[in-house]
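Please read the following report alongside the sequence and the three-dimensional view.

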Amino acid sequence: MKTKENRGIFYITWGCVIVTIILIIFTLDRSIRPSQGKPFERLSVEEARQYMSYEASYQVLDVRDIEAYDEGHLKGAVHIGYDSLVQDADLVLEDRSQMVYVYGQSSEQSCAAAQKLSDMGYTSVAEIGTYEEWITLETETETEGILRNVLG
């Protein structure tokens, strides 16, 4: 009788250990930045803002048309139109291992741009949504720090 109880405790204990190990691995995998070797990473505005707050060297890339960029863009963002990304990326983004955050007019456009960069050999690329998402989630005190509106 005791042997069956001991086996049950043994299996429950090992089951808990295995679940704990899986959770630790999952947590560590999600916390490692950037996800090198993956095509590109998709981040929410909140996640991107968090990473940008402590990363030392990164580039923000706006792939919308030039008129939209001139009306307003994220602070420090450089512009390369989606249609000219393949031709102009190496001129603006000199280090292919530097973290590049990409946003566009739509999430489809920014994902496609992130995929293009990844296909070109950029190893640390993250798609961070659209400019409109950033505007929607900004507070008055953060607007000066993250957004740059180029209106009169």
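The text below treats salt bridges, charges over rings, aromatic pairs and a surface patch.

This is a predicted model, in which local features need pLDDT of at least 70 and side-chain atom pairs count only at pLDDT 80 or more, while totals for chains, interfaces and linings use all residues. Residues are numbered from 1 along each chain as its sequence is written, and side-chain values use heavy atoms, with hydrogens and water left out.

**Salt bridges**

With a salt bridge taken as a side-chain nitrogen of Lys or Arg within 4 Å of a carboxyl oxygen of Asp or Glu, the count comes to three.

| Salt bridge | Closest N and O atoms |
|---|---|
| Glu127 and Arg42 | 3.2 Å |
| Arg64 and Asp62 | 2.7 Å |

The bridge between Glu127 and Arg42 links distant parts of the chain, since Glu127 belongs to strand 6 (residues 125–130) and Arg42 to strand 1 (residues 41–42), 85 residues apart. Helices (H or I, at least four residues) and strands (E, at least two) are DSSP runs, numbered from the N terminus. Residues are called buried under 20% relative accessible area, exposed over 50% and partly exposed in between (1.4 Å probe, protein chains only). Glu127 is buried at 2%, whereas Arg42 is exposed at 52%. In the bridge of Arg64 with Asp62, Arg64 is buried with a relative accessibility of 2%, and Asp62 is buried with 0%.

**Charges over rings**

Arg64 lies over the face of Tyr131, 4.5 Å from the ring centre, and the charged end of Arg96 is placed over the ring of Tyr122 at 4.8 Å from its centre.

**Aromatic pairs and the surface patch**

Rings of Phe, Tyr and Trp (its six-membered ring) pair if their centres lie within 6.5 Å, with planes under 30 degrees apart counted as stacked, over 60 as edge-to-face and the rest as tilted. The structure holds five such pairs. One of them joins Phe10 and Tyr11 edge-to-face, at 5.6 Å centre to centre and 70° between the planes. Tyr51 and Tyr54 also pair edge-to-face, at 6.0 Å and 75°; both lie in helix 2 (residues 45–54), three residues apart, about one turn of the helix. Tyr51 is buried at 10%, whereas Tyr54 is partly exposed at 49%. Phe10, Tyr11 and Trp14 form one aromatic cluster.

Terms used: A charge sits over a ring if NZ of Lys or CZ of Arg is within 6 Å of the ring centre and within 35 degrees of the ring normal.
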